[in-house]
Structures are given as C-alpha cells and as structure tokens.
Amino acid sequence: MSRVTMKAMIHRTVVFALIWAVLSAGDPAGQVLGLIVVPATVWLSVALLPARNPLKLWRLTGHTPRFLVGSVAGGVDVARRAFAPSMPLNPGWLRVPMQLGDGARVALGAELSLMPGTLAAGSDGSVLLVHVLDLDAEPGRAVEAQAAEIAALTDPAPEGP
Amino acid sequence: MPEGLADIATIVLTGIGLVFFLAGTVGLIRFPDVFSRLHALTKADNLGLGFIVLGAGFQADDWTQLAKLGLIWALALLAAGTVAQLVARAALRQEGRE
C-alpha cells in the first residue's frame, strides 16, 4: 500500500469516526456498530475515490474562512438582485482555461456556485464554462483567484502554464 | 446563556434565514433563465439554511445536537454546489441541441 493511500485512510478514518460519533451519540449499541461501519466506509471511500492528490489540511483551515465570507457575500448579492425592483442583472458566460484535474475541477465548480455571481456549468475540454449574473462586476478575476486557491489545496501543486 | 436571550437569538437568526429563503424563491420566479435562477436557488438557500441552523443551534441541549446541525448544513452545502453544476450542465447541453 502506498504512503499516499495510507495517509488518506488515516484522514478518512478520523473524519468518518467523528461523524459516526456524532450520529450515534448517547447510544452505546450504535457506537459499537461504528467499529464495523467506519472501516467499511473507509474501504468503500478509498475504492470509489482513490487518493491521488491529498489535501493539505492546514491550507484547508486557511481556506475555510474565505469560503464562508464568500458564500455569505454570494447569498446577500443574489438576494439584493432578486428583491430590487429594477432587478440588476447582466447575465453572460465566461470561458476560463483550467489546469486543474477532474476532482479539483468539481470542487472548484461546487465552490464557484456559492460565490457571488458565478455558477459552473461543466467544461468544454480544458475550458471551464462559468455562468455569471453580472458581466460588469469583473467576475473573471474572482474565478481565477478561486481556481488558484483550490489548486493550492492539493499536493503536489499542479504545474502552472 | 439565559433562556430569554437564547430565544431572541433563535428568533432573529431563523428570521434572517427565512428572508434568504424568500429571496431564493423570488429569484427563482423573477430571474430570466435557468442559469440565473440556479444562482438564486443555490446561493440564497444555502445562506438561509446557514442562518436557520445557527438559530436552531441556540436551542441545542449539548454539543452532539450542535454537531448534527452542522453536519446537516455541510451536507446541504455539498449537495447544493454539486447539483447546481449538474443542472447547469444538463441545461446547457439541452440548449445546444435545440
């Protein structure tokens, strides 16, 4: 077993054990069942999603506050546009060239969908298709900044262009 | 925390959450196309659920209830981000076909 897989299994065991501990809190029988469920889940998880680019967990802790601030800003921004009588929208599309691998691209897409004014709609080859609510708000720069942050979360960092 | 204060926090936070859910629904009705509507649904509803989870958290008896509320929000967040991408991609393909 490779070092990367070993490390991923330890990480995932900790995460799934914590989740099981929360779900089964106060029920001793349920907690014992976790001794079967957690290893089975770790096995399934590694089988379905092999560890290729392990996350840098400490970078994730740095990323989380920025993600929370961005998602609040995203919600407020879209609520403002929805409620405003004039409904200020200038929707359009961005084509953003990507160096990211599949997993990172899905993560970036999910994240972009919660950031202000952007929504990922799959990719066309190596180009990420992003729908934007307001072309005047210079959304391209924000998308590139997000992509760089997601890229920095994995190791090794993908090669730059 | 005194019970009165916790109740006020719950009322205020869940109230804010409901405003965002309303915003998501208003956007769903008013926005011009599938993609713009998806923006409204995912972003506003995610924030609405976040505030409702925070508000409900003030009524929790112990940390496991807080953690469960946190899990609910995290799961909904993950699902919203993923589903929004899938719907957008499907809508885009359909548009290309027509």
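**Legends: the nonpolar core and its surroundings**

**View 1. Residues at the centre of the largest nonpolar core.** In this predicted model, the largest nonpolar core holds 36 residues, and those touching the most other members are V78(A), L112(A), L119(A), A120(A), V130(A), A44(B) and A88(B). Nonpolar side chains tend to be buried together in soluble globular proteins.

**View 2. Elements of chains A and B that supply the core.** Chain A contributes at least two residues from each of α3 (57–83), α4 (102–112), β2 (118–124), β3 (127–132) and α5 (139–153). On the side of chain B, α1 (3–30), α2 (34–57) and α3 (63–97) each supply at least two residues as well. The element that gives the most is α2(B), with ten residues.

**View 3. Contacts of L112(A).** Leaving aside residues up to four places away in sequence, L112(A) touches T118(A), L119(A), A120(A), V130(A), V143(A) and Q146(A). Among these partners, L119(A), A120(A) and V130(A) are, like L112(A) itself, listed with the core residues that touch the most other members.

**View 4. Secondary structure and dimensions of chain A.** Five helices and three strands make up the secondary structure of chain A, arranged from the N terminus as α-α-α-β-α-β-β-α. The C-alpha atoms of chain A fill a box of roughly 60 × 40 × 25 Å along the principal axes. The radius of gyration of chain A is 19 Å, whereas a compact globule of 161 residues would have one near 15 Å.

**View 5. Burial and contact range in chain A.** Of the 161 residues of chain A, 24% count as buried. Considering contacts between residues at least 6 apart in sequence, 69% join residues at least 24 apart.

Terms used:
Residues numbered from 1 in each chain as written. Chains lettered and ligands numbered in written order. Predicted model: local features only at pLDDT ≥ 70, side-chain atom pairs only at ≥ 80, totals over all residues. Helix = DSSP H or I, 4+ residues; strand = E, 2+ residues; numbered from the N terminus. Rg over C-alpha atoms; globule rule 2.2 N^0.38 Å. Buried ≥ 20, exposed ≤ 12 C-beta atoms within 10 Å, placed from the backbone. Contact = placed C-beta atoms within 7 Å. Core = buried A, V, L, I, M, F, W, Y, C linked by C-beta atoms within 7 Å.
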